[in-house]
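Look at the model before reading on.

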Amino acid sequence: MIQSRTICATMVLLGATLATAAVPAVAAPAAAPAAATACPTGWGSGDRTAGAATAESVRNVRTGRHDCYDRMVVDVPGARGDLGYSVRYVDRLHQDGSGRHIPVSGGAVLEVRVTAPAYDPGTGAATYPARAGRPLPGVDLTGYRTFRDARFAGSFEGDTQLGLGVRGRLPFRVQQLDGRLVIDVAHTWTGAAR
């Protein structure tokens, strides 16, 4: 009797195993592919300028990384649509006034001029704690795809001059917003995110 129970139990287990093996495997649904980032195109690499000036002072310069571009923001609190600028590629960055060469690392150098002083016009006291020829304070470009270096050239006769070293002569755009100037430099010429 024990032997028949053992045989029956073995047959039940064998049947369950065979039944499980006979059930077709169901594939888990495939994860949806990540949506491709649509990058803006058509920026170009020609000079960008606006002629207005402000008595407000530069207070900060900061940078950020995005899917399609690297960004620099020059903060000029109080400037309301009257912020002038010149952004252009140069062979070498030369400091206004002295003509001194400011070395900037990278495959190309973007000169950023903002028509706002980095000092208080009334007292001459610095409003942005940067030193000529030195990296921008608080800006760390580690891990950026396009930016390589960011240098302060100086502030002379109401204009502040910066040097932005980039990987190559890539397309860029400039946006003037209340209280800030925004410079975006694309990661590629094609507008494709990688």
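This is a predicted model: local features need pLDDT of at least 70, side-chain atom pairs count only at pLDDT 80 or more; totals for chains, interfaces and linings use all residues.

Residues are numbered from 1 along each chain as its sequence is written, and side-chain values use heavy atoms, with hydrogens and water left out.

Q: How many aromatic pairs does a search of the whole structure find?
A: Rings of Phe, Tyr and Trp (its six-membered ring) pair if their centres lie within 6.5 Å. Searching the whole structure on that basis gives four.

Q: Are the planes of W43 and Y69 stacked, edge-to-face or tilted?
A: Planes under 30 degrees apart count as stacked, over 60 as edge-to-face and the rest as tilted. The W43 and Y69 centres lie 5.8 Å apart, with planes at 55 degrees, so the pair is tilted.

Q: Which ring lies under the charged end of R48?
A: A charge sits over a ring if NZ of Lys or CZ of Arg is within 6 Å of the ring centre and within 35 degrees of the ring normal. At 4.4 Å from the centre, R48 sits over the ring of F172.

Q: Is P135 buried, partly exposed or exposed?
A: Buried means under 20% relative accessible area, exposed over 50%, partly exposed in between (1.4 Å probe, protein chains only). P135 has 38% relative accessibility, so P135 counts as partly exposed.
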